[in-house]
Protein chains: 2
Amino acid sequence: MTSFSSLADLRAACLGLPAGNARAEDAVAVREAQLTKPPKSLGRLEAIVGWLARWQGRTRPRLDRVDVLVFAGNHGVTAQGVSAFPAEVTVQMVANFSAGGAAINQLARAAGANLKVAALELGRPTADFTTAPAMDAASFLAGVATGHDAVSPDADLVCLGEMGIGNTTAAAAIAAALFGGGGSRWAGRGTGIDDDGLARKQQVIDAALARHAAVLGDPLAIAAALGGRELAAILGATLAARRRGIPVVLDGFVCTAAAAPLARLADGALDHCLAAHVSAEAGHRALLQELHLDPLLDLGMRLGEASGAALAVPLLRAALACHLGMATFAEAGVSDKPG
Amino acid sequence: MTSFSSLADLRAACLGLPAGNARAEDAVAVREAQLTKPPKSLGRLEAIVGWLARWQGRTRPRLDRVDVLVFAGNHGVTAQGVSAFPAEVTVQMVANFSAGGAAINQLARAAGANLKVAALELGRPTADFTTAPAMDAASFLAGVATGHDAVSPDADLVCLGEMGIGNTTAAAAIAAALFGGGGSRWAGRGTGIDDDGLARKQQVIDAALARHAAVLGDPLAIAAALGGRELAAILGATLAARRRGIPVVLDGFVCTAAAAPLARLADGALDHCLAAHVSAEAGHRALLQELHLDPLLDLGMRLGEASGAALAVPLLRAALACHLGMATFAEAGVSDKPG
């Protein structure tokens with residue numbers, strides 16, 4: 001078990017991140033230029049292979065073991081009427097994950113990935129953060145440790161996602177605290193709240209920002225005060241993957257917001273992360289822009305569960321298959337010179 | 001063997017297209033609404049399953065057999081210096097396809113698809129269309145028939161693509177003839193031509209439009225005069241798939257331009273076609289807009305070979321896996337009512 005004894009201990013870990021292997025990335029670029037295609041004609045696929053190489057530290061990256069990690073948590077802020085679905089749905093959906101009936105079960109299988117679901121104290125929701133910090137330091141650090149420990153050193157790639165009724169409100173509050181703009185900039189419809197609910201959600205976020213004004217300069221304190229257990233776990237998993245040489249695929253708005261405090265602590269802290277997609281949740285595009293993350297897909301999805309992240313995996317596999325399997329101009333006897 | 005005895009015979013086939021099975025699409029929407037997720041939260045994935053259902057005519061679509069068809073041809077217009085690579089590369093790349101060394105070999109395998117490559121008289125390039133029609137009616141119809149016959153009635157999905165040094169010039173000329181705007185709107189860098197080459201390419205297209213002004217009102221005559229054998233085959237394959245109840249995934253600029261005359265002949269003629277991606281080739285985005293096709297991916301690719309089309313297949317498989325494999329709210333005991 002990894003454990004961080006204090007926020008200061010966690011902060012130190014967040015500030016001492018490995019930089020990735022630039023030579024592995026360069027080696028990929030050298031081979032890429034020799035493959036039988038016009039230079040750069042595979043576009044983003046070529047960049048993906050270089051990124052895998054850098055963060056795996058391998059000149060020949062691999063995707064033999066891909067883990068999809070879904071963290072689930074419950075939120076006291078649901079008492080404020082911010083979600084279209086009742087809080088019981090979190091437990092019900094975790095059971096659905098176990099039974100194999102959810103979207104992520106199908107998507108993980110289609111991606112050739114292992115699905116692991118971690119439910120974080122669903123019977124003990126976080127506090128309603130309009131009136132108190134969502135978590136105290138110990139609870140927050142326990143969530144971070146759960147995520148950190150969920151990342152196997154044997155994984156070649158980790159996809160992160162979440163389930164938690166109410167958690168788009170927590171995510172929007174974190175985004176507002178980190179990047180400004182208040183509830184009107186970051187609140188979206190989540191699972192499908194109506195106009196009145198959306199207005200309430202914006203007010204809830206603004207109230208939370210006012211309540212926790214004293215800690216808004218500290219990204220980890222923001223994650224504890226406004227986040228949730230599953231968001232803390234995503235932060236911990238993102239950190240662990242960086243330290244263990246494992247690239248990460250982030251899912252949608254909640255997942256991105258959960259990892260965002262790392263980027264506020266240290267420039268480049270999410271360089272080992274790929275944004276799988278931009279979701280239809282209102283704040284996601286702006287959040288990705290704030291983080292300088294360029295999403296791979298834009299398919300109007302807004303489900304969570306790591307669904308977008310898992311959907312990106314076949315594209316990464318295809319990119320890698322091209323790099324590893326294509327012939328060079330010399331091998332194939334194809335002219336690589338202007339005619 | 002399918003054969004069209006005349007352009008009039010082909011035109012009649014193009015004007016008598018089946019409309020697709022709306023009831024199959026509706027049945028998919030009914031099931032989709034019962035699955036354990038917020039309504040519409042899988043975004044484009046849900047629409048894809050409905051589209052498969054409509055054009056396969058099946059309430060439970062399948063992707064058991066996916067064929068990737070790549071057509072190759074040579075172009076007399078290469079004499080005008082419009083390509084960065086010599087015309088011999090077409091033959092060399094077809095050999096590379098046979099040896100398994102090209103990008104499409106890796107991408108088709110990753111997609112679980114069968115790759116079939118048809119080389120169309122590579123030793124007999126089309127005529128330089130700045131001075132004569134690229135093909136006479138018989139040659140054009142032979143190309144169309146090759147593509148038409150390449151579509152197996154047993155396929156559940158067909159991905160189309162091409163290889164042909166010089167064919168972005170042909171594609172741009174077709175796009176200009178169908179949608180206006182001349183060489184400056186439609187010419188791109190193809191395999192990587194420089195600024196002088198690009199200016200020459202624009203002039204070549206404008207010269208071809210002037211040379212063939214008399215036929216620019218007839219989409220099939222445009223395809224014969226300005227296209228190429230592999231583009232004719234793509235048109236034929238797109239037509240055959242529609243007639244046989246097989247959805248089509250189109251690749252990039254050349255592939256889209258090859259199918260575009262069908263849409264000019266009959267509204268909705270490409271409704272059974274999905275645009276896999278928008279390529280980095282200059283004219284592709286505008287061409288997709290003219291055709292009201294919304295590309296699935298935008299990854300800066302510009303390779304051809306059906307590479308973008310094959311890359312889209314895993315996304316279609318994932319969409320279908322969700323639809324067929326997910327539990328309903330009732331099956332899973334998940335609340336589907338507002339809380």
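**Exercise 1.** Determine how many residue pairs are in polar contact between chain B and chain A.

*Solution.* Between chain B and chain A there are 16 residue pairs in polar contact, both residues being at pLDDT 80 or more, where a polar contact is a pair of N or O atoms within 3.5 Å, one able to donate a hydrogen and the other to accept it, and residues adjacent in sequence count only if both atoms are side-chain atoms. The model is predicted, so local features need pLDDT of at least 70 and side-chain atom pairs pLDDT 80 or more, whereas totals for chains, interfaces and linings use all residues. Residues are numbered from 1 along each chain as its sequence is written, chains are lettered from A in the order in which they are written, and side-chain values use heavy atoms, with hydrogens and water left out.

**Exercise 2.** State which helix of chain B gives the most to the side that touches chain A, and describe that side by class.

*Solution.* Helix 14 of chain B gives the most, with seven residues; helices here are DSSP runs (H or I, at least four residues) numbered from the N terminus. By class, this side of chain B has 30 nonpolar, 14 polar and seven charged residues, with Asp, Glu, Lys and Arg counted as charged, Ala, Val, Leu, Ile, Met, Phe, Trp, Tyr, Cys and Pro as nonpolar, and the others, Gly among them, as polar.

**Exercise 3.** Find what rotation and shift superpose chain B on chain A.

*Solution.* A rotation of 180° with 0.0 Å of shift along its axis superposes chain B on chain A, with RMSD 0.0 Å (least squares on the C-alpha atoms of residues with pLDDT of at least 70 in both copies). This is the relation of a two-fold axis. The same surface serves both copies, since 100% of the contact residues of chain B (heavy atoms within 4.5 Å) recur in chain A.

Note on methods:
Helices (H or I, at least four residues) and strands (E, at least two) are DSSP runs, numbered from the N terminus.
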